[in-house]
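Subject: Structure for you to look at

Hello,

Here is the structure we talked about. Please open it first, then read my notes below.

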Amino acid sequence: MSFYIYKKTFRKLFILISKSKMDSIDYCPKCGLKTNHEILSEEISKGGGDYEPSWSHKYSIIKCKGCNNIQFKSSYGDEFMEKLNQVGELVYYRNDSYYPSFLENYREKLENYSIPKNIENIHLETLEAIKSNSLLLAAAGLRMIVEAISKENNIKRENLEKKIITLLNEGKITEKEAERLQVIRLLGNESVHKMTRSTKENILLALDIVEHLIINLYGLSSENLKP
């Protein structure tokens, strides 16, 4: 098959797929899994000529058929977006993004607890940074949470490293927690001072550590449970 015919064939299939208005299968942040979604509205932009790459951009409003949650979905694809599937075949893929943004498979751990307001605010802003893939800001936010925890416990030392050691010495945290907080401190330092972007996996792991620490410090008492 010549390159010209290949492009013609791709364009025909690509536009056909782009015009389809079937139900979609997307992740629903409220259900916590992929569900069938009804496409309430859809607009398609597309382009490409005989010697230009074919592309399409779909903008959709979708509604989960399980819980009726509504999202905005943006889906872009072009003829150069190829990858190998699990059996080694070359397949086309699309880049999808959603609004409001979400963390797939993430469950809010702190919503049922009354935690200090400054810690809650930093935690919420850090979550938004992770959702938008702003990982430099997310790492800085996680470090700030550790700083805020130190402040809430009236720890007054010249740097965060020593504040964490003081939290340990005063029995506020365990030795293992202190080790993990030092790693998060370094993660934040790399982000702020060296503009080094950590991986999303590391950021999510650090978030999990911080959230469990907040629950251990402020959430285990019945008086801190929200009514």
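Contacts first. Take the contacts in the protein chain between residues at least 6 apart in sequence: 54% of them join residues at least 24 apart. Please keep in mind that this is a predicted model.

**Overall layout**

The protein chain has six helices and seven strands. Their order along the sequence is α-β-β-β-β-β-β-β-α-α-α-α-α. The chain holds 227 residues, and 37% of them are buried. Its accessible surface is about 14000 Å². Carbon and sulfur atoms account for 54% of that surface.

**The core**

In soluble globular proteins, nonpolar side chains tend to be buried together. Here the largest nonpolar core has 35 residues. Ile119, Leu142, Ile145, Ile149, Ile203 and Ile214 have the most contacts inside it. Which helices each supply at least two residues of this core? They are α2 (117–131), α3 (135–152), α4 (160–169), α5 (175–194) and α6 (200–219).

Look at Ile119. Leaving aside neighbours within four places in sequence, Ile119 is in contact with Ile145, Ala148, Ile149, Glu152, Ile214 and Tyr218.

**Helix α2**

The 15 residues of α2 should span 21 Å at 1.5 Å a residue. The end C-alpha atoms are 21 Å apart, so the two values agree. The buried residues of α2 are Ile119, Ile122, His123, Thr126, Leu127, Ala129 and Ile130. They cover an arc of only 160° around the axis, so they sit on the same side of α2. An α-helix has 3.6 residues a turn, so residues three or four places apart point the same way.

What lies on the face turned away from the buried side of α2? That face carries the exposed residues Lys117 and Glu125. The cover over the buried residues of α2 includes α3 and α6. After α2 comes Asn133, with a positive phi near 65°.

**Helix α3**

This helix has 18 residues. From its first C-alpha to its last, α3 reaches 25 Å, close to the 26 Å expected at 1.5 Å a residue. Just after α3, Asn154 takes a positive phi of about 55°.

Now find Gly141, which is in α3. Why does Gly141 count as buried? Because its relative accessibility is 6%, and buried means under 20%. Not counting residues up to four places away in sequence, Gly141 touches Ile122 and Thr126. Gly141 and Glu125 are 16 residues apart in sequence, yet their C-alpha atoms are 7.5 Å apart in space.

**The cysteines**

A disulfide is a covalent bond between the sulfur atoms of two cysteines. How many disulfides are counted here? The count is zero. Cys28 is in no disulfide. The nearest cysteine sulfur to it, in Cys67, is 3.5 Å away, whereas the cut-off is within 2.5 Å. Cys28 counts as buried because its relative accessibility is 0%.

Cys64 is buried, with a relative accessible area of 0%.

Best wishes

Technical notes
Residues numbered from 1 in each chain as written. Predicted model: local features only at pLDDT ≥ 70, side-chain atom pairs only at ≥ 80, totals over all residues. Heavy atoms only, no water. Helix = DSSP H or I, 4+ residues; strand = E, 2+ residues; numbered from the N terminus. Buried < 20%, exposed > 50% of the residue type's maximum accessible area, 1.4 Å probe, protein only. Contact = heavy atoms within 4.5 Å. Areas by Shrake-Rupley, 256 points an atom, 1.4 Å probe, with all protein chains shown as cover. Core = buried A, V, L, I, M, F, W, Y, C linked by side-chain atoms within 4.5 Å. Expected span 1.5 Å × (residues − 1). Arc of directions from axis to C-beta.
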